[in-house]
Amino acid sequence: MAGAAGPGTGPVAAGGDGDDSLYPIAVLIDELRNEDVQLRLNSIKKLSTIALALGVERTRTELLPFLTDTIYDEDEVLLALAEQLGNFTGLVGGPDFAHCLLPPLESLATVEETVVRDKAVESLRQISQEHTPIALEAHFVPLVKRLASGDWFTSRTSACGLFSVCYPRASNAVKAEIRQHFRSLCSDDTPMVRRAAASKLGEFAKVLELDSVKSEIVPLFTNLASDEQDSVRLLAVEACVSIAQLLSQEDLEALVMPTLRQAAEDKSWRVRYMVADKFSELQKAVGPKITLNDLIPAFQNLLKDCEAEVRAAAAHKVKELCENLPPEGRETIIMNQILPFIKELVSDTNQHVKSALASVIMGLSTILGKENTIEHLLPLFLAQLKDECPEVRLNIISNLDCVNEVIGIRQLSQSLLPAIVELAEDAKWRVRLAIIEYMPLLAGQLGVQFFDEKLNSLCMAWLVDHVYAIREAATNNLMKLVKKFGTEWAQNTIVPKVLVMASDPNYLHRMTTLFCINALSEACGQEITTKQMLPIVLKMAGDQVANVRFNVAKSLQKIGPILDTDALQEEVKPILQKLGQDEDVDVKYFAQEALSAVAQRLRKLDFPAKDSEEPSAPGADKNHFLRPRGPGEDTGKAHTERAARVVSEEAVEAARFRGTDAAKVSPRTGTPQLLPGARAVRAPSVLSLEEEECGRESWRMNFL
């Protein structure tokens with residue numbers, strides 16, 4: 001590293017006298033001198049730890065001077081250093097010694113890389129709050145002056161961000177000097193410095209006295225707003241918001257508005273774009289009177305600007321502008337002065353302008369009311385719904401609920417529903433997706449009868465769309481519709497149509513049937529799932545396509561918690577065992593996953609808690625082995641055989657999960673067995689339960 005202290009110099013030289021307490025700083029210097037940037041970066045990130053090891057005094061006298069002398073490194077390292085030093089006040093002895101951190105940060109504030117300078121300024125602003133007023137004038141203000149009068153533009157740009165934090169606590173004499181330095185930077189020869197000053201002008205104005213704002217800040221604003229560089233002029237527009245908030249209406253009209261009118265008609269489109277982008281903030285800052293007299297005409301010009309970027313920025317602000325207008329006469333102003341320009345933008349030649357307008361125009365319906373919406377806005381909505389640009393159609397669809405609140409669903413369905421139905425088959429899949437996502441809300445507003453007549457067929461058609469995202473969204477849509485309309489509607493309307501797809505020639509559509517069953521089972525409940533859906537899933541286990549078969553296994557695992565014990569034991573489990581021997585490795589894997597989940601659920605059902613509230617009669621209790629043994633009952637053999645079967649099943653599942661062929665199913669009993677040489681794996685939870693309930697110690701030897 002170029003600026004690192006050499007051997008025998010600085011604090012590392014003290015490490016040769018055998019003082020182990022100096023070892024951390026020696027390690028730091030060694031790593032900072034390493035050619036590996038990552039090592040140097042790691043050492044910088046450990047500064048707080050090293051400072052703790054050194055103590056506050058040695059951190060001030062050794063570590064900080066060393067860091068100040070070694071500001072010659074990669075930008076990444078310097079950025080980390082600038083960030084670390086901002087939190088170093090407690091490590092140098094507290095606020096009384098915060099000024100010790102200023103030298104290294106001052107050096108960092110002058111480097112060429114912008115992000116490093118910005119981080120150094122951020123840390124300096126943070127440290128300035130920890131200075132006492134006396135220390136601020138003694139140490140921090142001189143630093144700001146040095147940066148403001150530096151030879152390189154880098155230091156002068158950094159100084160612009162420090163004036164506002166030191167000005168409020170300075171004495172009157174020092175305040176005058178600070179204002180003088182800021183004025184000098186606003187007229188600096190270098191455009192980068194003027195840009196930095198313009199970006200901080202509003203922030204600096206907020207901490208100044210009102211007289212100083214009028215006499216000094218406003219002239220600076222006027223000069224910067226007419227600068228030869230458009231990058232400076234556009235930043236002056238941003239400062240105008242802060243300045244306008246500080247002045248009275250009379251002062252605004254006399255001092256600020258001429259400059260703002262000039263900016264709204266600036267020859268550079270970037271400046272006009274900034275005016276359009278900040279229009280809502282300007283409107284709030286200047287008040288309703290100036291808005292009506294000056295800003296509304298300026299906004300009209302921005303809406304018909306020759307540059308599409310400016311028109312788009314203005315279109316984005318249409319709704320906010322209308323909302324911020326005074327309630328008295330707002331409707332008249334919008335209808336006469338804003339709406340004619342909006343109508344022109346609906347058919348604009350630039351798609352970004354139309355898209356920007358489409359994202360906000362629906363919000364005008366709540367402002368203008370039902371009659372104006374039906375008469376003036378609905379034709380615009382229809383035109384945008386049929387626009388060739390998909391982004392325009394998408395933005396209109398996404399905000400239909402605003403219109404529905406105003407004009408009602410009947411009027412909406414009569415005027416916009418035909419266009420919505422047409423968009424349901426739009427060539428752009430994102431538009432179709434937006435329609436699907438809006439469908440549950442629309443269905444709830446239309447009612448079940450209207451939905452079945454007009455939109456049900458659309459929802460079913462989406463299930464066989466060629467885009468997977470549409471099919472997935474359509475599946476989730478069905479689940480939401482069932483929750484809204486009820487299980488009886490689902491059983492009569494949706495489920496039969498979904499199950500018909502199970503025999504579709506296209507395997508993707510057959511898979512969609514499984515996805516629908518997964519989604520609908522929870523909403524429909526156990527009875528419909530068991531009687532109508534489960535037989536179809538079991539039948540599809542023999543599908544010729546492996547993708548369908550392993551999705552059958554996943555579906556059985558998904559709907560397993562909804563099914564009863566008999567269905568799991570007699571129907572689901574045999575099918576999963578069969579799929580577990582499938583020739584396709586994916587089918588086998590998912591079948592074993594599902595079989596494990598089903599077996600776990602069956603164990604939970606077969607082994608309820610011991611303190612069952614209502615034990616049933618011995619003949620009807622499947623878990624009668626949990627109760628005390630009665631006269632003549634010999635449960636030991638049955639318990640042992642069942643435990644062996646459970647352990648064997650667990651071992652088989654574990655072996656299959658490991659991808660081995662150590663398992664097979666007994667052709668005689670249909671229960672899983674281990675091949676010769678395969679080792680069984682115990683299931684601790686099951687065995688401990690059996691041992692506790694049966695009270696037998698000797699049975700363990702049968703399985704070990």
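1. Basis. The model is predicted, so local features need pLDDT of at least 70 and side-chain atom pairs count only at pLDDT 80 or more, while totals for chains, interfaces and linings use all residues. Residues are numbered from 1 along each chain as its sequence is written, and side-chain values use heavy atoms, with hydrogens and water left out.

2. Helices 33 and 34: geometry. Helix 33 spans residues 487–500 and helix 34 spans residues 507–524. Helices here are DSSP runs (H or I, at least four residues), numbered from the N terminus. The two pack at about 170 degrees, with axes 11 Å apart. That makes helix 33 roughly antiparallel to helix 34. The classes are: under 35 degrees, roughly parallel; over 145, roughly antiparallel; 65 to 115, roughly perpendicular; the rest, oblique. Axes are lines fitted to C-alpha atoms, for helices over the stretch in contact, and angles run from 0 to 180 degrees between N-to-C directions. The crossing of helix 33 and helix 34 is left-handed. Left-handed means that the near helix is turned anticlockwise from the far one by less than a right angle; clockwise is right-handed.

3. Helices 33 and 34: contact. Helix 33 contributes Thr487, Ala490, Ile494, Val495, Val498 and Leu499. These meet Thr513, Cys516, Ile517, Leu520, Ala523 and Cys524 of helix 34. By class, this contact has 10 nonpolar residues, two polar and no charged. Contact means heavy atoms within 4.5 Å. Ala, Val, Leu, Ile, Met, Phe, Trp, Tyr, Cys and Pro count as nonpolar; Asp, Glu, Lys and Arg as charged; the others, Gly among them, as polar.

4. Helices 14 and 16. Helix 14 (residues 230–244) packs on helix 16 (residues 269–277) at about 15 degrees, with axes 9 Å apart. That makes helix 14 roughly parallel to helix 16. Their crossing is right-handed. Asp230, Ser231, Arg233, Leu234 and Val237 of helix 14 meet Arg270, Val271, Met274 and Val275 of helix 16. The contact of helix 14 with helix 16 holds five nonpolar, one polar and three charged residues.

5. The model has 25 salt bridges. The rule is a side-chain nitrogen of Lys or Arg within 4 Å of a carboxyl oxygen of Asp or Glu. One of them joins Glu62 to Arg58, with the closest N and O atoms 3.2 Å apart. Both residues lie in helix 4 (residues 56–69), four residues apart, and are separated by about one helical turn. Arg58 is buried, at 18% relative accessible area. Buried is under 20%, exposed over 50%, and partly exposed in between (1.4 Å probe, protein chains only).

6. Glu106 and Arg146. The closest N and O atoms of this salt bridge are 2.9 Å apart. Glu106 sits in helix 6 (residues 102–108) and Arg146 in helix 8 (residues 133–148), so the pair ties together parts that are 40 residues apart in sequence. Glu106 is buried, at 17% relative accessibility. Arg146 is partly exposed, at 43%.

7. Arg183 and Glu216. Here the closest N and O atoms are 2.3 Å apart. Arg183 lies in helix 11 (residues 172–186) and Glu216 in helix 13 (residues 210–225), so the bridge links distant parts of the chain, 33 residues apart. Arg183 is partly exposed, at 26% relative accessibility, and Glu216 is buried, at 16%. Arg179, Arg183 and Glu216 are linked in a network of salt bridges.

8. Gln532. This residue belongs to helix 35 (residues 526–539). Gln532 is partly exposed, at 22% relative accessible area. Leaving out residues up to four places away in sequence, Gln532 touches Gln491, Val495 and Leu499. The C-alpha atoms of Gln532 and Val495 are 8.0 Å apart, with the two residues 37 apart in sequence.

9. Asn551. Helix 36 (residues 546–559) holds Asn551. Asn551 is buried, at 7% relative accessible area. With residues up to four places away in sequence not counted, Asn551 touches Met511, Leu514 and Phe515.

10. Ser398. Helix 25 (residues 390–398) includes Ser398. Ser398 is partly exposed, at 46% relative accessible area. Its C-alpha atom is 8.1 Å from that of Ile435, 37 residues away along the chain.
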